[in-house]
Amino acid sequence: MPAVVLVGAQWGDEGKGKATDLLGGRVEYVVHYQGGNNAGHTVVIEDETYALHLLPSGVLRPDCVPIIGNGVVIDPGVLIEEMEGLRERGIDLSKLKISADAHLIMPHHRALDKVTERYLGKARIGTTGRGIGPAYGDKVARVGIRAQDLLDPGIFRAKVELALREKNQVLTKVYNRRAIDIDEVCTEYGGYAEILAPYIADTSLMLAKALDEGKVVLLEGSQGTLLDVDHGSYPFVTSSNPTAGGASTGSGIGPNRLSRAVGIVKAYTTRVGSGPFPTELEDEFGERLRSVGGEYGVTTGRARRCGWYDAVIVRYAVRVNGLTDLFLTKLDVLSGLETIPVCVGYDVSGERCDEMPMTQTGFHHAIPIYEQLPGWSGDLSKARDLADLPAEARAYIAFIEEQAGCPVSAVGVGPGRDETIVVRDLI
């Protein structure tokens, strides 16, 4: 049985948690394959709202095995706090598995993240200061510390000593900060090891066996395509690969096992942090989208920048991810608008561009070219079929399909678990 990948098709915060939860009741495994606690998913079940950060959304389904893949960087303290919070709400975590190869966020990562971002001043990236980038940097530099190292205190201490030999020099002599004490780190993480050891496993092998047995595996990423370190709006990106290719490397599943890639796309556009955003609205319409859509970060609480739907970046996401389907979320937020502009191309230095500009400079100077679509009014939350929607809303969906060159297979019409129109089955 092949695996299905859910990918953010914009700058993240598209509603991947809702999509994962919708499918979670029909799959046996849900894998979080990249990112860290710098992003989150919101899942609404009846009157309960769950904000998930490191744990995959499938953790809320009792029959699902939730897996934190090797591509994730884990802050053990944050993970344990998240686990305890769910247990207090009656969620069973006994099936949770953590890849032995997942890298750990260490105190020196958080310290360096905060101080380097501060020193960048106006050129700052807009990180959350949680140590994500430095942890990925150490992974690539081959000096990272992994979940499996928690199982061997001797190896763990040796690796921390090696890391702090350099990191403390940078903290004290470059940034005039306090050195990090190795004994304190080993004591703190030794406590984490006692709690997390039962969950650490060879998850790549588990997933391979599951697929061989005909079980369905769902892979979910954090952030979105335009935040991918290779394919995003660099340098204003995350430090990993949220795109579909990252699902294979971040889970240990061979790429030939991935048969479907579903792009989650919001009916408008948002992003958090610094960087170019051609359709950004800094007026009453932007504030309306933010207010009605509840556009505040799950992890940070930061207000999201809001703008009209950008067909150019979604077209790009379809291409680089090989998307087979789109899951359109938050269509209900647009209800009540008389007309709805949709960006169909850019004016870049006087020339029309229908695809992503090749250069960072071109994207920074891109001016959106809009087509005006008629709006609609009324509550969409009770709609369970396309025929239940106003004609203008159906036309909006059709226009998005046409511009993306990819079918819309599901439409979110409200935040609730059941407030979704399924047009075509995603599994």
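A salt bridge here is a side-chain nitrogen of Lys or Arg within 4 Å of a carboxyl oxygen of Asp or Glu. With that in hand, take Asp 13, Lys 266, Glu 295, Arg 304 and Lys 330: they are linked in a network of such bridges. This is a predicted model, and searching the whole of it turns up 22 salt bridges. Here are a few of the pairs.

**Arg 26 and Asp 425**
- Arg 26 pairs with Asp 425 in a salt bridge, with 2.8 Å between the closest N and O atoms.
- Arg 26 sits in the loop between α1 (16-24) and β2 (29-32), while Asp 425 is in the segment after β20 (420-422), so the bridge ties together parts 399 residues apart in sequence.
- Arg 26 comes out as partly exposed at 45% relative accessibility, and Asp 425 is also partly exposed, at 37%.

**Arg 146 and Asp 101**
- Arg 146 bridges to Asp 101, and their closest N and O atoms are 3.4 Å apart.
- Because Arg 146 is in the loop between α4 (132-140) and α5 (153-174) and Asp 101 is in the loop between β7 (97-99) and β8 (103-104), this pair joins parts that are 45 residues apart in sequence.
- Arg 146 is partly exposed, with a relative accessible area of 27%; Asp 101 is partly exposed at 37%.

**Within helix α5**
- Glu 161 and Arg 157 form a salt bridge through their side chains, at 3.6 Å from N to O.
- These two are four residues apart in α5, which means about one helical turn separates them.
- Glu 161 is partly exposed at 39% relative accessibility, and Arg 157 is partly exposed at 30%.

Key: Residues are numbered from 1 along each chain as its sequence is written. This is a predicted model: local features need pLDDT of at least 70, side-chain atom pairs count only at pLDDT 80 or more; totals for chains, interfaces and linings use all residues. Side-chain values use heavy atoms; hydrogens and water are left out. Buried means under 20% relative accessible area, exposed over 50%, partly exposed in between (1.4 Å probe, protein chains only).
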